[in-house]
Amino acid sequence: MEILKKDIQYIKGVGPKRLSLLKKLKIYNVEDMIYHFPRDYDDRSISKKIIELKPGDKTTIYVVITGKCQTPFSRKGLNINKYLAKDDTGFITITFFNQPYIKNILKLNDELMINGKVKMGLQGLEIINPIYEILKEKDCSSSLNSIVPIYPSTEGINQSYLIGIKKNVLSMTQNATLDYLPESILEKNKLCSLDFALKNIHFPSTVKELKIAKYRLVFDELLLLQLALIRIKKRVINEKKSPSLNINEGLSSFINSLPFELTKAQKIVLKEIMEDLEEGTPMNRLVQGDVGSGKTIVAIIALYKAFINGFQGALMAPTEILAEQHYVAIRQLLEPIGVRVGLLIGSIKKSNKQQLLQEIKVGKIDIVVGTHALIQETVCFRQLALVITDEQHRFGVRQRAILADKGDNPHILVMTATPIPRTLALILYGDLDISIIDELPPGRKKIKTYGLTTEEKERAYHFAKKELSLGRQVYVVCPLVEESEAIEAKAATEIKEELAATYFCEYKVGLLHGKMSAKEKETVMKQFLSNEINILVSTTVIEVGVNVPNATIMIIENAERFGLAQLHQLRGRVGRGRFQSYCILIHNNKSKIAKERIKIMEETNDGFIISEKDLEVRGPGEFFGIRQHGLPDLKIANLFKHMKVLKRVQKQVEELLDEDPALCLEQYPALKGKLDEKFNSFEGT
Ligand code: ADP
Ligand code: MG
């Protein structure tokens with residue numbers, strides 16, 4: 001084991017200069033070097049005949065040199081050596097630039113294997129500066145007739161250096177790597193040994209060996225991650241004590257006083273939450289529910305339960321607009337029954353903030369609604385028992401943990417409108433229990449969605465005018481500019497000016513973007529909510545949560561720039577009341593994929609289907625911002641590409657849990673050791 005932890009600077013070939021470059025690649029010790037995997041491979045084992053070659057091919061051929069070395073004169077002062085070579089199907093010229101010594105190496109009638117890029121030269125096919133090997137000298141360490149790794153690298157470190165050092169390190173560690181997976185797991189899942197995998201992921205002799213090695217390493221990576229997450233969950237449940245909130249006085253009369261009856265799905269999820277809250281161990285629950293499924297009210301009921309029991313609760317939202325909206329909603333429902341609610345966002349005045357912080361600290365405020373400002377160090381609670389984060393896909397494990405630290409193991413509830421397939425949820429939210437609100441409140445009409453090309457855009461505005469004349473309201477979402485909020489804001493301002501001066505000159509057009517102050521945003525949102533503003537031109541700041549039931553049209557400009565899940569979120573801003581609502585996707589992309597995406601949006605309103613399609617297109621890394629979740633980087637596994645392996649892994653984990661419900665892994669000490677080593681810092685949050 002020791003050898004794996006050996007500092008890379010003590011390895012042959014690593015001087016001070018290389019050392020700092022290797023550190024840039026995050027290679028600090030021998031193990032890092034081994035786990036620095038190829039990003040791709042160059043398969044030189046596939047050879048061709050000359051007759052099959054086309055200019056542009058990069059390939060291996062077997063030839064015999066049929067002519068003496070020619071050294072034509074070059075005006076540019078280059079040294080050029082040319083050979084004519086053949087196989088049994090044709091001839092090819094092999095040209096070497098600036099390799100004068102080649103004359104002494106390659107001789108008439110030598111048999112060669114060469115690999116390089118084929119060109120059409122003046123005298124027919126030609127390969128310039130190929131990699132070559134004289135066949136009579138061929139030995140088994142040939143790198144030409146094999147699959148050659150290509151590593152992620154950095155300037156100053158070339159591939160052959162990396163290949164050399166990897167070979168060295170692998171031979172040093174042969175048989176020194178402990179296989180932490182027990183025989184039984186290897187057997188059941190048809191996994192090769194770790195030694196084999198680590199050697200062959202770098203230097204496989206055949207594509208099949210590479211596959212076998214890769215399967216093992218992908219399996220390991222996913223298994224360790226899944227186990228680590230479940231262990232966090234188990235640890236939280238088994239070892240920590242949380243306030244048990246079992247007073248329910250007034251709770252049902254509050255629920256009965258709501259202006260609507262909870263849906264069946266809301267009731268089921270609420271029951272799960274209530275049970276968790278009554279346990280003396282912390283709740284760690286994720287509520288997934290499509291846009292508009294009514295997650296907020298479930299959160300409010302849970303917060304009220306904390307209040308009844310004499311504790312404080314906190315609700316954290318990803319944007320100020322959303323935080324404010326929740327604040328208003330909660331005050332409306334809970335202030336009349338004696339609950340004191342506070343709003344803590346970054347932009348409130350310093351003096352107000354001081355006072356608010358003081359009130360939170362002494363318990364004069366019962367429920368605090370806020371943004372990231374809530375997880376700042378200065379915020380102390382008197383008795384925090386419940387923390388809810390809304391639209392959790394934007395909060396990571398770590399952020400949740402910081403907030404949880406503010407109380408004495410408060411119960412944690414996270415809510416997300418990004419529904420994902422169960423397999424992925426199990427790993428991305430593996431440390432949480434999952435509840436799903438899989439039903440919309442009754443009476444909702446399906447939002448009708450249409451794609452229009454940029455040329456047809458006016459039709460959208462005309463249609464919007466019709467709705468406006470009926471008293472409804474309109475959102476216009478401006479193109480997404482990922483690189484710059486400032487450019488995005490500018491574009492939004494221009495669109496607003498234009499629309500206000502032309503199509504919608506009889507109406508009041510408002511503007512909302514990320515560069516506005518919180519105060520300005522709040523004013524605009526209030527005006528939109530009260531229909532003083534009829535048309536809201538906005539950037540994606542309205543993406544999450546905003547609730548204006550009278551708005552019935554969502555026009556999205558340059559819809560091709562958004563991900564499907566994001567379009568679905570945006571679309572969820574309409575269809576929140578009793579009116580038929582519409583979403584119009586304006587796009588100027590004629591590609592097949594773009595058309596298909598628009599078609600998916602037109603055809604379905606189901607967030608699960610949409611996110612699955614989105615995953616197919618973008619892959620989960622991008623989709624979720626894996627790093628945002630606080631999960632360690634995956635080196636080799638890809639949650640979407642390796643979904644099948646992930647399923648196997650989850651089956652294996654289930655079996656492990658049957659055998660060892662507390663997941664102590666006492667019977668697998670090596671596996672336990674590996675998990676501790678790999679995830680201790682991560683779990684420690
Ligand atoms: P989301 O799940 O997207 O956060 P919200 O909680 O904002 O959805 O709810 C969307 C709208 O549906 C709100 O106006 C809310 O008052 C309303 N709503 C929630 N539950 C019900 C219900 N059971 N019956 C009718 N309307 C409901
Ligand atoms: Mg919401």
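1. A quick definition before anything else: two strands count as paired if DSSP finds at least two bridges between them. Strands here are DSSP runs of E with at least two residues, numbered from the N terminus. With that in hand, strand 17 and strand 22 (residues 582–587) run parallel and are joined by six bridges.

2. Some housekeeping. This is a predicted model, where local features need pLDDT of at least 70 and side-chain atom pairs count only at pLDDT 80 or more, while totals for chains, interfaces and linings use all residues. Residues are numbered from 1 along each chain as its sequence is written, chains are lettered from A and ligands numbered from 1 in the order in which they are written, and side-chain values use heavy atoms, with hydrogens and water left out.

3. On to the overall layout. The protein chain splits into domain 1 (1–34 + 155–174), domain 2 (46–145), domain 3 (178–239 + 647–685), domain 4 (257–437) and domain 5 (448–604); the bounds come from an automatic or database domain assignment. Between the C-alpha centres of domain 1 and domain 4 there are 47 Å.

4. Back to the sheet with strand 17. It is open, has six strands in the order 17-22-21-18-20-19, and pairs in parallel. Strand 17 (448–453) and strand 19 (509–512) are the edges; each has a single partner strand, so one side of each is left without a neighbour in the sheet. Neighbouring strands are turned by 20° against each other on average, direction ignored, using axes fitted to C-alpha atoms.

5. There is also an open sheet of seven strands, parallel in pairing, with the order 12-13-11-14-15-10-16. Its edges are strand 12 (341–344) and strand 16 (433–437), each with a single partner strand, so one side of each lacks a neighbour in the sheet. Inside that order, strand 10 (residues 284–289) and strand 15 (residues 411–416) pair in the parallel sense over five bridges, and Val 287 stands opposite Met 415 in strand 15.

6. Now the ligand. Around ligand 1 there are 16 residues, of which Gly 292, Lys 295, Thr 296, Arg 444 and Arg 576 come nearest; "around" means a heavy atom within 4 Å. A polar side-chain atom of Arg 576 is 2.7 Å from an oxygen atom of ligand 1, and a backbone N or O atom of Gly 294 is 3.0 Å from an oxygen atom of ligand 1. A nitrogen atom of ligand 1 also sits 2.9 Å from a side-chain N or O atom of Gln 266.

Key
A polar contact is a pair of N or O atoms within 3.5 Å; within protein, one must be able to donate a hydrogen and the other to accept it, and residues adjacent in sequence count only if both atoms are side-chain atoms. Helices (H or I, at least four residues) and strands (E, at least two) are DSSP runs, numbered from the N terminus. Axes are lines fitted to C-alpha atoms, for helices over the stretch in contact, and angles run from 0 to 180 degrees between N-to-C directions.
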